[in-house]
Amino acid sequence: MSPRKARAGIALAGVVIVGALATAGALAAVLSQVAERRAAAVENRGATTTSVATTEAVVIDGVVQPGIAAATTSAPSTSLVHKTASQGSPELQLTVGDCVAVGGPDSGLAKTACGSGTSAYTVTHLATDGAPCPGDIDRSHRRTLPDGEHDALCLDIAWVPGTCMDLSGDTATPVDCTAAAPGRVRVVEIKRDTTDVNACSAGDQGFVYAERRYVVCVAS
């Protein structure tokens, strides 16, 4: 081979080698970038996985709420409390047959034991929907209901044979039968189905309830 051809062959081989090296270098750079991107993606996925791991589903009002962080979510701390009857006005608890204590014409009523030293009146009727009390009751007491409507408690003196009442004031007041009181009367008996005081077998006077036809026989 001539020296000129040999030099040409060497030069060509050098060009091929240089080109191969350049190609290899570029390929290596590309592969390095791909590897870096894959590593970043793996790191991101890991971070996402960690974030999900610190998050849990929370049940609120019986419904699963996915994706809510437990650290920032809490169940309601309040609960509904219902009022009991004892929290209402004492007057609203009164009904027919109850005995009440009363302090004066404008005083409220309070339930008490019938026949006790504070039992002044008995609830005989409830007048609702604008209906009147019986015409021969001793007193009535208007009250306001929870819905804003009104009714009236129809009251008779709490007559109990063997007890005494002071009738000298605006309201009847239970008193000791041995105490001196200007308006005191002692209940002797109660006669039903009559309006005649003469039907009393004991006592010298009586209170007549003509509409409901009974007589309370009393003695001074």
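Visitor: By class, how many nonpolar, polar and charged residues does the lining of the largest pocket have?

Guide: Happy to. The lining of the largest pocket has 8 nonpolar, 2 polar and 2 charged residues. This is a predicted model, where local features need pLDDT of at least 70 and side-chain atom pairs pLDDT 80 or more, while totals for chains, interfaces and linings use all residues. Residues are numbered from 1 along each chain, and side-chain values use heavy atoms, without hydrogens or water.

A pocket here is an open set of 1 Å grid points where a 1.4 Å probe fits, with protein on both sides within 12 Å along at least five of seven lines; lining residues have an atom within 4 Å of a point. The lining consists of C99, C114, T122, T124, D156, I157, A158, W159, V160, I190, R192 and Y214. Strands β5 (121-127), β7 (150-157) and β10 (184-192) supply at least two lining residues each; strands are DSSP runs of E, at least two residues long.

Two cysteines of the lining, C99 and C114, form a disulfide, with 1.9 Å from S to S (the cut-off is within 2.5 Å). Their link is right-handed, at 105° about the S-S bond. C99 sits in β3 and C114 in the loop between β4 and β5, so the pair ties together parts 15 residues apart in sequence. C99 is buried, at 4% relative accessible area (buried means under 20%).

The link of C133 and C154 is left-handed, with -85° about the S-S bond. It connects distant parts of the chain, β7 and the loop between β5 and β6, 21 residues apart. C154 is buried too, with a relative accessible area of 1%.

Finally, Y214 of the lining brings us to β12 (residues 214-219), which runs antiparallel to β11 (residues 205-209) and is joined to it by 5 bridges. In this pairing, V208 has V215 as its bridge partner. The two strands form a hairpin with 4 residues between them, and R213 in the turn has a positive phi of about 55°.

Methods
Nonpolar A, V, L, I, M, F, W, Y, C, P; charged D, E, K, R; others polar. Pairing = 2+ DSSP bridges. Buried < 20%, exposed > 50% of the residue type's maximum accessible area, 1.4 Å probe, protein only.
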